[in-house]
Amino acid sequence: MPRTDISPVLVTGATGRVGRVVIGQLLDAGVPVRALTRRPDAAATLPAEAEVFTGDLTVPESLDPALNGAGAVFLVWTAPPLTAAAVVERLAAHVRRVVFLSSPHRTPHPFFQQPNPMAALHADIERLVAATRLESTIIRPGMLASNALAWWAPAIRAGEVVRWPYGAAETAPVDDRDVGAVAARTLRQDGHAAGDYVLTGSESLTQAAQVDAIGDALGRRIAFEEMTPDEFRSLSTGAAPGSVVDMLLAAWGAAVGQPAYVTTAVADILGKQPRTLRQWAADHAAAFTAGPEDSAGPAGPAGPAGSSGS
């Protein structure tokens, strides 16, 4: 049972992959949780121990009931930028600590330095938070392992060749569960004020090697075939904004020929090594062998697929 002498933590993006992990980790640690969602019916999909509040980042005043009495907030920005300043102002008026799910836009690696509207939004929110008296921590996941569900699972389920651009581009996919665990730890544990953590897996793998790792976890070989950037743009029409597609192609192109940016932040904070991509794939094998699960379209290093929620 949650201890009554601990202030609740408000989790935005509560129905996203990372948000759900954060909720579970906090509840397991005895921390009372408030889950923010735009849809009242989403309460049925969240743990019964979480107190669910309906609110919307585009309506800042709707957050007040969830913020009253809270001690910290896990902030996942899932809205247009217009209300960001008003939301941050409200956070600063109610809570002591905020952990913001951002992106590695400050990382000195070409993969993360391509023009990216989401990264620009994240930088703006970071500036707003820094201008307050909030005790803030920034976590910056690189490429999420779960992107494979949207990108490659449909072809793998169908027994087809995985066709993808820039197969030689290297990234270090990080398990969503490790990201959520880091967020939960920094929300409930002192010592992370002003922390700025880039979260990656421990392995630099080409995209073709990532498909191989998924095949290893499934116990079968998965064929990989290079496609051109123009083919990728054509196939992505309607599935993702053109700006996201262009950002991904530019990032992958810039990553060819050099190892991925890899950090030890997950191990440093959690005291254990991050899960490998093969471990992640083994734990999600059903998604690659059963019916359709995720078709979110392309997502990238500054817009992790499934990290948000409503």
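So, which residues of α1 are buried? They are Val18, Gly19, Val21, Val22, Ile23, Leu26 and Leu27. Keep in mind that this is a predicted model. Those buried residues pack against three strands, β1 (9-11), β2 (33-37) and β4 (72-75), and also against the helix α7 (176-188).

How about the helix itself? α1 covers residues 17-28, so 12 residues, and at 1.5 Å a residue it should span 16 Å. The C-alpha atoms at its ends sit 17 Å apart, which agrees. Just past the end of α1 you'll find Gly30, with a positive phi of about 80 degrees.

Who makes the contact? From α1, it's Arg17, Val18, Val21, Val22, Gln25 and Leu26. α7 brings a list including Asp176, Arg177, Val179, Gly180 and Leu187. Sort the residues of that contact by type and you get 9 nonpolar, 2 polar and 4 charged.

Last stop: Ala43, in the loop between β2 and β3 (51-54). Is Ala43 buried or partly exposed? Its relative accessible area is 30%, so it counts as partly exposed. From Ala43 to Thr54 is 11 residues in sequence, and their C-alpha atoms are 9.2 Å apart in space.

That's my bit, over to you.

Definitions and conventions. Residues numbered from 1 in each chain as written. Predicted model: local features only at pLDDT ≥ 70, side-chain atom pairs only at ≥ 80, totals over all residues. Heavy atoms only, no water. Helix = DSSP H or I, 4+ residues; strand = E, 2+ residues; numbered from the N terminus. Expected span 1.5 Å × (residues − 1). Buried < 20%, exposed > 50% of the residue type's maximum accessible area, 1.4 Å probe, protein only. Contact = heavy atoms within 4.5 Å. Nonpolar A, V, L, I, M, F, W, Y, C, P; charged D, E, K, R; others polar.
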